[in-house]
Amino acid sequence: MNTSAKRSDEPIWWALFSAGGVCFAVFIPAVILFIGVLIPLGVMSPEALSFERAHGLLFSFPGLIFIGVVICLPLFHAAHRIRHGLHDLKIGRNTANKIATYGAAALLSALALLGFVLGVM
Amino acid sequence: MAKQASHSPELKRTWWLKHRYFRVYMAREATVLPLIFFIAWMLGRGL
């Protein structure tokens, strides 16, 4: 048995890709429907997403879950697809692409969480 | 006997343009870009 086999980090990226894909398919269309269609068309009252109400909803525990499923996980899903797209187009090197794509996803996720923390304080 | 290196054919960057199936595949993969723009817009609005 080869005990010095190198462990792969791929399961982590594929798990994040998978979780983000579910969120992308389920929650993002719902968010677009509410924010981008129903409220602008007047089907729903604009008061449903007034500043005070949105602020109260976003900067609470459900808001933290919302940021996770609508921003952070889809970002890692997108990063994974972009990384593999770059590979398909033979652009860049694998390690550099990995650092750039997942690094950007991590950075933007951290930015979103920083926004949450600043909003709560 | 010396171990022979396996042959891996070199693909050009435009390999996906040669077949409709691959063009559709690449177009489907590009649907991630609107997602990025939407998330960036949400982040911009939130911060």
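A crossing is called left-handed if the near helix is turned anticlockwise from the far one by less than a right angle, and right-handed if it is turned clockwise. In this predicted model, the crossing of α3(A) and α4(A) is right-handed. Helix α3 (residues 61–88) of chain A packs against helix α4 (residues 94–120) of chain A at an angle of about 165°, and their axes are 9 Å apart. Angles over 145 degrees count as roughly antiparallel, and α3(A) and α4(A) are therefore roughly antiparallel to each other. Among the residues making this contact are A:Ile67, A:Ile71, A:Leu75 and A:Phe76 of α3(A), and A:Thr101, A:Ala105, A:Leu108 and A:Phe116 of α4(A). By class, the contact of α3(A) with α4(A) comprises 16 nonpolar, six polar and two charged residues.

An unreviewed UniProt entry lists residues 12–39, 59–78 and 99–120 of chain A under "transmembrane region". Two of these stretches are described below.

The contact between the chains draws 16 residues from chain A and eleven residues from chain B. On the side of chain A that touches chain B, the elements giving two or more residues are α1 (10–38), α3 and α4 of chain A, and α3(A) gives the most, with eight residues. By class, that side of chain A has eleven nonpolar, two polar and three charged residues.

Notes:
Residues are numbered from 1 along each chain as its sequence is written. Chains are lettered from A and ligands numbered from 1 in the order in which they are written. This is a predicted model: local features need pLDDT of at least 70, side-chain atom pairs count only at pLDDT 80 or more; totals for chains, interfaces and linings use all residues. Axes are lines fitted to C-alpha atoms, for helices over the stretch in contact, and angles run from 0 to 180 degrees between N-to-C directions. Helices (H or I, at least four residues) and strands (E, at least two) are DSSP runs, numbered from the N terminus. Angles under 35 degrees count as roughly parallel, over 145 as roughly antiparallel, 65 to 115 as roughly perpendicular and the rest as oblique. Two residues are in contact if their C-beta atoms, placed from the backbone, lie within 7 Å. Ala, Val, Leu, Ile, Met, Phe, Trp, Tyr, Cys and Pro count as nonpolar, Asp, Glu, Lys and Arg as charged, and the others, Gly among them, as polar. UniProt positions are given in the numbering used here, feature names are shortened, and annotations may be inferred rather than shown by experiment.
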